[in-house]
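Reader: I am new to reading protein models. Could you walk me through pockets, helices and buried residues?

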Amino acid sequence: MNVLVVYAHPYDASFNAHLRDRVLASLNPAHEVRVLDLYGQDFNPRLSQTDLAAMLDGSATPSDIVASLEALQWANTIVFVYPTWWSGPPAMLKGWLDRVMWPGIVYDVESSGRVRGKLHNVTSVIVISTHGSSKLVNVLEGETGRLLFRRVINALFAKRCRTKWVAFYTIDRASAEKRAAFVKRVEQVAQRI
Amino acid sequence: MNRQNVVVVAAHPNPTSYNAAVARAVVDGLRQRGHEVRLHDLTADDFAAYMSREERHAYHGEMPVIDPVVRRYADDIDWATALVFVYPTWWMNLPAVLKAWLERVMVPGVAFTFDAKGKVTSNLTKVGHIVGVTTYGAKRGTVFFASDGGRRTLMRALRLSCGMRTRTHWFALYDMDHTNDERRKQFLDHVSKRVLE
């Protein structure tokens with residue numbers, strides 16, 4: 001199995017970095033693993049006028065997203081690790097989605113306007129995300145991150161692909177025990193890949 | 001409506017795009033009707049499309065705002081009684097640069113404050129209106145089933161920071177690639193006249 005871990009947090013002393021490390025340490029050693037550290041590799045999340053024009057006129061993909069596209073075409077399982085800010089993924093990760101999900105390679109648009117995914121190699125997605133606020137507040141806010149990955153991005157992959165949502169809430173006030181329990185849960189999810 | 005102090009945030013990367021034209025029409029329409037407008041043109045101002053390491057470190061500290069453009073934007077937020085967002089919907093959500101505007105500008109001390117226990121109280125009590133103006137590739141029904149994340153982020157998550165008496169308004173143009181010039185002009189004129197009317 002090819003496992004791609006996409007990680008988006010500004011610094012390496014974070015709980016998110018720890019979760020990423022625990023995922024990597026818990027994966028079955030028989031899997032091939034690649035990690036995309038968006039902040040670490042100074043990914044540019046801004047979809048520019050040039051990018052947009054290239055998408056529309058069928059030009060070559062920008063050189064700085066080639067590695068990401070190759071990783072997406074290689075992966076069978078994708079694991080996202082990121083902090084939820086304002087109900088959804090950080091701009092850095094949203095920008096990765098904006099720029100890397102390239103028409104003609106990742107998806108086609110049918111004449112009806114419907115998006116048809118082409119990455120049939122991806123059969124499973126796991127989203128691991130921490131939240132400052134409680135589950136209740138997140139539900140009230142509409143859980144946009146959860147819906148983005150489960151309804152919209154999931155459609156870019158194999159028909160049978162399912163996106164699993166693994167969330168930690170109220171992180172700012174969580175006890176050490178609660179944090180440890182969540183780490184354990186993440187390890188178990190990673191082990192089962 | 002009383003004269004408003006309006007911050008308009010425009011997030012399309014192409015200044016010759018339809019979306020950018022809508023943003024300009026919104027600004028002109030508001031000024032013509034006597035409102036004061038300050039524009040946050042995220043492309044023209046080269047606004048960074050992500051929250052940096054330094055900003056993340058500073059977030060809970062004394063000075064969460066470190067970038068001069070963010071400082072200017074934050075001062076405008078202090079002045080504002082209405083916020084209008086004009087943007088293209090990508091993957092049912094805000095473009096990264098507009099998400100970054102929320103992350104980098106709506107910080108503690110500007111949008112809200114944390115009390116000693118970490119509870120959040122709103123600082124945006126002057127903002128009485130939030131308006132979203134957006135274009136979608138998808139049809140209305142598809143957007144509904146996918147749960148319009150961009151709309152939820154602005155109309156729910158941001159609104160929670162503004163207090164419950166804040167009113168919200170939405171202007172949407174669906175199925176962009178199948179519209180014609182007449183439909184697009186109709187929408188542009190409609191929004192220009194009706195935002196905060």
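Reader: By class, how many nonpolar, polar and charged residues does the lining of the second largest pocket have?

Author: Let's begin with the terms. On a 1 Å grid over the protein atoms alone, a pocket is an open set of points where a 1.4 Å probe fits, with protein on both sides within 12 Å along at least five of seven lines, and lining residues have an atom within 4 Å of a point. Ala, Val, Leu, Ile, Met, Phe, Trp, Tyr, Cys and Pro count as nonpolar, Asp, Glu, Lys and Arg as charged, and the others, Gly among them, as polar. Here the lining has 16 nonpolar, 17 polar and 8 charged residues.

Reader: What should I know about the model and its numbering?

Author: This is a predicted model, where local features need pLDDT of at least 70, side-chain atom pairs count only at pLDDT 80 or more, and totals for chains, interfaces and linings use all residues. Residues are numbered from 1 along each chain as its sequence is written, chains are lettered from A and ligands numbered from 1 in the order in which they are written, and side-chain values use heavy atoms, with hydrogens and water left out.

Reader: What is the volume of the second largest pocket, and which residues are the closest to its centre?

Author: A volume is the space filled by probe spheres set on the points, which are joined across faces, edges and corners. For this pocket the volume is about 1300 Å³. Of its 41 lining residues, A:Gly132, A:Ser133, A:Asp172, B:Phe114 and B:Val120 are closest to the centre. Among the elements giving two or more residues to this lining is helix 6 (149-162) of chain B.

Reader: Is B:Thr81 buried or exposed?

Author: Buried means under 20% relative accessible area, exposed over 50%, partly exposed in between (1.4 Å probe, protein chains only). B:Thr81 has 19%, so it is buried. B:Thr81 sits in the loop between helix 3 (68-79) and strand 3 (82-88) of chain B.

Reader: Which side chain does a polar contact join to that of B:Thr81?

Author: A polar contact is a pair of N or O atoms within 3.5 Å; within protein, one must be able to donate a hydrogen and the other to accept it, and residues adjacent in sequence count only if both atoms are side-chain atoms. The partner is B:Gln4, at 2.7 Å.

Terms used. Helix = DSSP H or I, 4+ residues; strand = E, 2+ residues; numbered from the N terminus.
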